2 protein chains.
Amino acid sequence: MLTVITGASGFLGRALVARMRALDWTGTIRLVDRVGLSEGDADEVLNLDLGEEGAVEHAVTGATHVLHLAAFPGGAAEADPAQSERVNLAATLALAKAAAAAPHPVRFVYASSIAVFGAPLPAAIDDDTPVLPTMTYGTHKAMVELALADLARRGELDAISVRLSGVVARPRAVSGLKSAFMSDIFHAMAGGEDVTLPVGPDATAWLVSAAVAADALLHAVRVTLDVTSPRILTLPALRVAMADLVAAIAARTGSPSRVGYASDPAIEAQFGRLPPLTTAAADTLGFRHDGSIEQLVERVLIAIAAP
Amino acid sequence: MLTVITGASGFLGRALVARMRALDWTGTIRLVDRVGLSEGDADEVLNLDLGEEGAVEHAVTGATHVLHLAAFPGGAAEADPAQSERVNLAATLALAKAAAAAPHPVRFVYASSIAVFGAPLPAAIDDDTPVLPTMTYGTHKAMVELALADLARRGELDAISVRLSGVVARPRAVSGLKSAFMSDIFHAMAGGEDVTLPVGPDATAWLVSAAVAADALLHAVRVTLDVTSPRILTLPALRVAMADLVAAIAARTGSPSRVGYASDPAIEAQFGRLPPLTTAAADTLGFRHDGSIEQLVERVLIAIAAP
């Protein structure tokens with residue numbers, strides 16, 4: 001058993017590796033990323049650009065399980081669609097094909113995104129909601145989902161795409177993500193800083209803590225799937241209003257932060273109007289969200305406080 | 001004004017060119033295909049494989065309108081997914097990008113397919129039905145639809161994807177299409193031959209005559225679209241039961257053909273269980289089907305009888 005994680009030095013990759021270590025994950029772990037990995041981070045470490053000649057074959061050699069997290073993020077992809085096509089589409093399809101070429105079955109877990117649903121969103125979202133992205137990032141995610149579902153249907157790759165919501169709390173670095181405010185609110189309040197959000201207090205988001213997102217990805221690695229199983233899943237997430245989130249963080253931390261709201265219509269439309277979400281297919285397969293806003297806040301604050 | 005038609009020597013391409021000639025189409029017409037075109041078929045004729053180096057740029061040089069019909073057909077694509085990826089995905093995306101690189105706006109009409117809806121189909125299909133292909137052909141069609149919608153959203157290409165149903169009657173050649181029976185029934189009955197269909201008498205299909213399909217493609221070239229217009233449309237089609245189609249052809253031709261039914265479960269599932277179809281978005285934009293089974297049959301028989 002050899003589990004490969006791409007994008008391993010990213011925010012979610014690091015949370016995933018930490019969780020695998022905590023679970024005493026069976027078999028060899030190989031981490032792959034362009035930059036940011038150190039020897040000793042795992043059994044095997046590959047500093048590799050997946051767009052380079054031969055890189056995808058190198059990355060998945062011998063793999064029995066692949067978690068493909070590497071991506072060119074949303075805001076950056078919108079500004080540079082050609083790079084998104086190279087990374088988010090072409091390199092991802094090439095990686096899947098390289099994994100499919102193995103002489104043994106390979107479970108391929110693809111970290112997709114709710115960006116496949118475009119703005120404005122319908123009044124509710126469930127497993128039958130049509131995919132209609134309004135960002136290049138979401139377009140490429142949706143295209144890959146279709147390609148992987150076809151590989152799974154053909155029996156060439158045991159692939160599953162799982163659509164993640166806003167995973168919090170990302171570090172405060174410049175990440176190219178327009179949705180950064182959903183993470184920044186945790187950091188600001190944990191540090192007692194005043195903060196102004198680019199959405200209104202009634203803005204709604206779908207959130208999941210990094211710890212629960214990592215568990216969902218690992219569940220996707222292990223869950224039993226057959227020819228009748230859905231191969232594209234929207235993962236459960238808590239739907240929270242920003243004012244409720246602020247109140248829950250304040251209740252947990254006693255933070256003196258003053259929180260202001262200065263709604264940016266574009267950000268509000270893309271990230272602040274998320275309707276009720278039902279995820280029956282993923283629920284049936286055992287995927288779970290954080291359970292409550294209090295548990296979400298607690299998990300996120302613990303992660304922020306960790307060294 | 002320069003209109004480029006790819007796949008121009010195919011069944012639908014020929015019907016389209018005939019219709020453009022009948023309409024005294026304005027501007028230059030350039031036909032593109034790998035094989036089968038002759039000098040004199042149009043103002044410009046390019047015998048070109050779109051997969052070759054530089055071919056897509058050559059094909060669309062100076063184009064103001066592109067009708068992209070070239071495709072590796074469904075049954076063949078299922079047997080050779082790598083070739084489908086080269087033709088139906090990679091070359092198509094490259095063609096769209098070459099068209100988008102022009103210094104003037106280009107209307108790009110993509111002949112998509114109802115194959116984007118997989119089997120088994122839901123109880124009814126409308127503009128909100130999720131795309132979930134169960135053939136590699138339909139997968140690549142759906143991926144291209146998404147990519148073109150994003151190019152349109154970005155303002156880089158005035159693209160529209162139109163999903164065609166079963167266009168009849170194709171010639172009786174080996175076409176790689178599993179749906180050939182929908183065309184063969186016309187040829188057999190027009191010739192007074194006995195025929196056995198691979199579906200039952202109550203099998204339902206969505207059909208459109210080649211003449212009306214050509215008109216729909218030309219409507220897609222000319223219809224006014226703006227930033228709010230849908231860029232992926234399921235085109236109207238008549239839903240007909242095979243027994244009703246056989247009766248209508250018999251009534252029109254007085255054919256002595258005996259028609260048998262020997263249902264092949266796979267073909268029946270993929271092509272013989274088409275549910276009621278509503279196409280509100282396309283209807284609103286002025287797209288039309290044949291109107292009645294009698295008119296469909298008449299148009300098809302006229303086309304078969306033509307030299």
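## Close-up views of a predicted two-chain model

View 1. Asp150(A) is buried, with 7% relative accessible area. The whole model is predicted. Asp150(A) sits in helix α5 of chain A. Its side chain makes two polar contacts shown here. One goes to the side chain of Arg153(A), at 2.8 Å. The other goes to the side chain of Thr139(B), at 3.3 Å. Which residues touch Asp150(A), once neighbours within four places in sequence are set aside? They are Met135(B), Thr136(B) and Thr139(B).

**View 2. Glu78(B) and two arginines of chain A.** Glu78(B) forms a salt bridge with Arg153(A), with the closest N and O atoms 2.9 Å apart. Glu78(B) belongs to helix α3 (residues 74-79) of chain B and Arg153(A) to helix α5 of chain A, so this pair joins two chains. Glu78(B) also meets Arg154(A) in a salt bridge, at 3.4 Å from N to O. The cut-off for buried is under 20%. Arg153(A) is partly exposed, at 34% relative accessibility.

**View 3. The interface of chain A and chain B.** The contact draws 23 residues from chain A and 23 residues from chain B. About 1800 Å² is buried between the two chains. Carbon and sulfur atoms give 58% of that area. How many salt bridges cross the interface of chain A and chain B? The rule finds 6. It also finds 16 residue pairs in polar contact across the interface, both residues being at pLDDT 80 or more. On the chain A side, α3 (74-79), α4 (81-100) and α5 (136-153) each supply at least two of the residues that touch chain B. The largest share, 8 residues, comes from α5(A). By class, the side of chain A that touches chain B has 12 nonpolar, 3 polar and 8 charged residues.

**View 4. Helix α5 of chain B.** This helix covers residues 136-153 of chain B and has 18 residues. From first C-alpha to last it reaches 26 Å, close to the 26 Å expected at 1.5 Å a residue. Why is α5(B) described as largely enclosed by the rest of the structure? The reason is that 16 of its 18 residues are buried. Just after α5(B) comes Gly155(B), with a positive phi of about 80°.

**View 5. A salt bridge between two loops of chain B.** Asp194(B) and Arg258(B) meet through their side chains in a salt bridge, at 2.9 Å from N to O. The pair links distant parts of the chain, 64 residues apart. Asp194(B) lies in the loop between α6 (181-190) and β8 (195-197) of chain B. Arg258(B) lies in the loop between α8 (242-253) and β12 (259-261) of chain B. Asp194(B) counts as partly exposed, at 42% relative accessibility. Arg258(B) counts as exposed, at 62%. Elsewhere, salt bridges that share partners join Glu78(A), Asp150(B), Arg153(B), Arg154(B) and Glu156(B) into one network. Over all chains, the count comes to 28 salt bridges.

**View 6. Glu268(A) and Arg273(A).** The two side chains meet in a salt bridge, at 3.0 Å from N to O. Glu268(A) is buried, with a relative accessible area of 8%. Arg273(A) is partly exposed, at 42% relative accessibility.

**View 7. Thr129(B) in its loop.** Where is Thr129(B) found? It is in the loop between β5 (107-113) and α5 of chain B. At 10% relative accessibility, Thr129(B) counts as buried. A polar atom of its side chain lies 2.9 Å from the backbone nitrogen of Asp126(B). Beyond its neighbours within four places in sequence, Thr129(B) is in contact with Phe117(B), Pro122(B) and Ala124(B).

Methods: Residues are numbered from 1 along each chain as its sequence is written. Chains are lettered from A and ligands numbered from 1 in the order in which they are written. This is a predicted model: local features need pLDDT of at least 70, side-chain atom pairs count only at pLDDT 80 or more; totals for chains, interfaces and linings use all residues. Side-chain values use heavy atoms; hydrogens and water are left out. Contact means heavy atoms within 4.5 Å. Buried area is the accessible area (1.4 Å probe) that two parts lose on being put together, summed over both. A salt bridge is a side-chain nitrogen of Lys or Arg within 4 Å of a carboxyl oxygen of Asp or Glu. A polar contact is a pair of N or O atoms within 3.5 Å; within protein, one must be able to donate a hydrogen and the other to accept it, and residues adjacent in sequence count only if both atoms are side-chain atoms. Helices (H or I, at least four residues) and strands (E, at least two) are DSSP runs, numbered from the N terminus. Ala, Val, Leu, Ile, Met, Phe, Trp, Tyr, Cys and Pro count as nonpolar, Asp, Glu, Lys and Arg as charged, and the others, Gly among them, as polar. The expected span of a helix is 1.5 Å times one less than its number of residues. Buried means under 20% relative accessible area, exposed over 50%, partly exposed in between (1.4 Å probe, protein chains only).
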